[in-house]
Amino acid sequence: MGQFLQIPTAGMHCISAYRADPDGEPLGGIVVVQEIFGVNAHIRRVVDGYAQAGYVAIAPALFDYVESGVELDYDEAGVARGRALVAEIGFDRAVETVASAAQAIASAGRKGVVGYCWGGTVSFLCATRLAVPAVVYYGGRTVPFLDERAQAPLLFHFGERDPIIPPEHVALHREKQPQAQIHVYPAGHGFNCDARADYEPASAALARERSLAFFARTLGGGA
């Protein structure tokens, strides 16, 4: 459904991004922020899914700043390489790139952002720093930033069996971001990803339903 294209970013650097468009008038635009595994087949399916739901969706290939075309496996080597790459990129550049990706789909109308794992924390920071409505799936690195004030609506999805995000961290989200919607599912980390061992279809379906309702409410389907 979608295709890769080049988008300009801050500093005149161009990176690739995977974009998919809906049939007919868009309800808005959604920037999809990758896990530490790149804009792989799973993230492309997420983009396609949002396009099928009526949104212009785009996933910037954040690893392009270091190395183009990176798609990592969900294994030990992939985790190690992905962690090294995101450390090199950093959150500030990632947030700037979400802003650039949103600009690339400016004609779609109002924009939101959804992110997964590392990208979930990026998504949270887009709500605090860019005032963009954000859906955060199991953002395991968000706790150090929870004192930042959200300037847009937030929706968090967590798995109750997530070894990376313990219950006390979920409780901190409730305490520090009391205005946010927070849902906990009978699942582990990465429960939305059908390529991971922790995939939990029922939880993934419910989280998607809630995410679509969130975007319908916060984006309003208008410019």
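Start by selecting helix H1 (41–52) and helix H6 (201–219): each of the two supplies at least two residues of the lining of the second largest pocket. Keep in mind as you look around that this is a predicted model.

Stay with H1 for a moment, as it gives the most to that lining, with five residues. The second largest pocket has a volume of about 260 Å³. Of its 13 lining residues, the ones to highlight are His42, Arg45, Val46, Asn192 and Arg208, the closest to the pocket centre.

Next, select glutamate 35, in the loop between strand E3 (29–33) and H1. Is this residue buried or exposed? Its relative accessibility is 0%, so glutamate 35 counts as buried. Show side chains here: that of glutamate 35 makes a polar contact with the side chain of tyrosine 74 at 2.7 Å. Beyond its sequence neighbours within four places, glutamate 35 is also in contact with residues including His42, Tyr116, Cys117 and Arg196.

From there, hop to tyrosine 116. Its contacts beyond four places in sequence include Val32, Glu35, Val46, Tyr50 and Asn192. Tyr116 is also among the residues with the most contacts inside the largest nonpolar core, which has 73 residues; Val32, Tyr50 and Phe215 are others on that list.

Last stop: the largest pocket, with a volume of about 320 Å³. Of the 14 residues that line it, select Arg83, Cys117, Ile164, His189 and Arg196, the closest to its centre. The lining divides into eight nonpolar, two polar and four charged residues.

Terms used: Residues numbered from 1 in each chain as written. Predicted model: local features only at pLDDT ≥ 70, side-chain atom pairs only at ≥ 80, totals over all residues. Heavy atoms only, no water. Helix = DSSP H or I, 4+ residues; strand = E, 2+ residues; numbered from the N terminus. Buried < 20%, exposed > 50% of the residue type's maximum accessible area, 1.4 Å probe, protein only. Polar contact = N/O pair within 3.5 Å; in protein donor to acceptor, adjacent residues only side chain to side chain. Contact = heavy atoms within 4.5 Å. Core = buried A, V, L, I, M, F, W, Y, C linked by side-chain atoms within 4.5 Å. 1 Å grid on protein atoms, 1.4 Å probe; cavity = no way out; pocket = protein on both sides within 12 Å on 5 of 7 lines; lining within 4 Å. Points joined across faces, edges and corners; volume = space filled by probe spheres on them. Nonpolar A, V, L, I, M, F, W, Y, C, P; charged D, E, K, R; others polar.
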